[in-house]
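Please look over the structure below before you read my points. I take the helix contacts in turn, then the sheet and a salt bridge.

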Amino acid sequence: MKAVPDPRCGRETKHDHAEVLVCLVVGFLAGKTTIRRSLRWCKKHLEELREYLPLKNGIASSSTACRLLSGMDEELFALEFMEWIGEILKYFGDMSDDHKKMEKDRNYRPRYPEMQEKYEEISQKERNRDRQEYRWYSVCTECSLLTKTQKEWPFVKTVGLARQVRIPVERDAQGNDITPDSKTFLEKGSRRRPKPAQDEETGKDIQKTGMISDMELTAEETGRIKREHWAVENRLHHVLDDTFREDRSPAKRSKHNLALVRKFAYNILRIAILYGDCAEIMTEAMDDFSDDLILRKKYVFSGIKSFY
């Protein structure tokens with residue numbers, strides 16, 4: 001939370017912005033699905049929270065939290081990560097090209113020989129609903145050349161890139177399948193989808209996702225984890241609307257940043273459920289976090305260990 005810039009002016013402030021954000025996440029974890037209820041819960045657990053946060057002036061008011069969320073640019077939450085992902089995408093583009101050239105010419109010298117030795121790439125093809133899906137998974141377990149991992153994320157052991165192309169199935173008048181392959185689709189498009197423009201490399205039909213892990217993973221394992229993640233995403237929006245009451249929130253100017261707070265809480269709850277430390281039903285898991293000090297300490301104020 002400290003990496004997120006404080007939108008307030010340079011004058012001295014009463015409450016640290018990172019502490020306010022952490023308190024909101026803890027409140028939502030405890031099932032308090034509004035800003036006011038979250039901060040009221042934190043006030044009741046002030047002494048406990050002071051074991052991990054200074055909170056010199058206690059818990060901020062709901063108006064302070066609303067002003068903070070309204071002033072924050074939600075895109076800045078992801079700036080550091082996006083900067084690093086840009087570096088990853090560059091390396092993976094180069095290594096993917098080198099990988100193909102090395103298959104054709106054994107004497108070809110790759111640009112990053114240390115990384116190329118621990119680089120792996122697989123491809124998959126699948127008919128899903130009314131579309132043909134092509135997926136490519138690239139991973140590298142040599143991260144020393146990535147400056148971000150050396151300086152700030154030394155625990156990262158695997159970086160990966162997932163690329164996906166979705167092509168709507170097409171049939172002629174006789175019912176024959178005339179769906180183009182991925183290469184033809186990228187070069188010419190199809191009858192149902194135009195050729196992707198140069199400035200539209202990613203979108204609904206073409207997607208790229210950067211991935212990191214603190215464990216050494218193969219390309220196949222990375223692909224399996226990515227597919228499992230999509231199932232989590234499908235459940236996410238239902239839980240946010242139903243359990244966290246996102247669709248009934250009156251927030252306007254702060255709605256995007258408040259949505260990020262809910263997602264922090266949701267993911268912590270989901271991880272705790274996967275570890276078996278709380279009830280499997282989301283609302284009951286919230287009750288567990290509200291009542292159990294040890295659970296809050298483990299998942300909010302200590303590092304969460306990767307389970308991949």
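**Notes on helix packing, sheet and salt bridge**

1. Start with α11 (residues 282–291) and α12 (residues 293–300). The axes of these helices come within 5 Å and cross at roughly 100°. α11 and α12 are therefore roughly perpendicular to each other. On the terms: angles of 65 to 115 degrees count as roughly perpendicular, under 35 as roughly parallel, over 145 as roughly antiparallel, and the rest as oblique. Axes are lines fitted to C-alpha atoms, for helices over the stretch in contact, and angles run from 0 to 180 degrees between N-to-C directions.

2. A word on the source. This is a predicted model, in which local features need pLDDT of at least 70 and side-chain atom pairs count only at pLDDT 80 or more, while totals for chains, interfaces and linings use all residues. Residues are numbered from 1 along each chain as its sequence is written, and side-chain values use heavy atoms, with hydrogens and water left out. Helices (H or I, at least four residues) and strands (E, at least two) are DSSP runs, numbered from the N terminus.

3. Which residues of α11 and α12 meet? Asp288, Phe289, Ser290 and Asp291 come from α11; Leu293, Leu295, Arg296 and Tyr299 come from α12. Contact here means heavy atoms within 4.5 Å. By class, there are 4 nonpolar, 1 polar and 3 charged residues in this contact. Ala, Val, Leu, Ile, Met, Phe, Trp, Tyr, Cys and Pro count as nonpolar, Asp, Glu, Lys and Arg as charged, and the others, Gly among them, as polar.

4. α11 also packs on α10 (residues 255–275). The angle is about 95°, and the axes are 10 Å apart. That makes α10 roughly perpendicular to α11. Tyr266, Ile268, Leu269, Arg270, Ala272 and Ile273 of α10 touch Met282, Ala285, Met286 and Phe289 of α11. This contact has 9 nonpolar, no polar and 1 charged residues.

5. Now α2 (residues 35–44) and α4 (residues 62–71). Their axes come within 9 Å and cross at roughly 125°. That makes α2 oblique to α4. Ile35, Arg36 and Leu39 in α2 meet Ser62, Ala65, Cys66 and Leu69 in α4. The classes are 5 nonpolar, 1 polar and 1 charged.

6. Turn to the sheet. It is open, with 4 strands in the order β1-β2-β3-β4 and antiparallel pairing. Two strands pair if DSSP finds at least two bridges between them. β1 (119–128) and β4 (206–213) are the edge strands, and each pairs on one side only. The twist averages 15° from one strand to the next. β3 (residues 158–168) and β4 pair over 8 bridges. Gly160 has Met211 in β4 as its bridge partner.

7. Last, the salt bridges (a side-chain nitrogen of Lys or Arg within 4 Å of a carboxyl oxygen of Asp or Glu). The structure holds 9. In one, the side chains of Arg296 and Glu48 meet at 2.5 Å, N to O. Arg296 lies in α12 and Glu48 in α3 (residues 46–49), so the pair ties together parts 248 residues apart in sequence.
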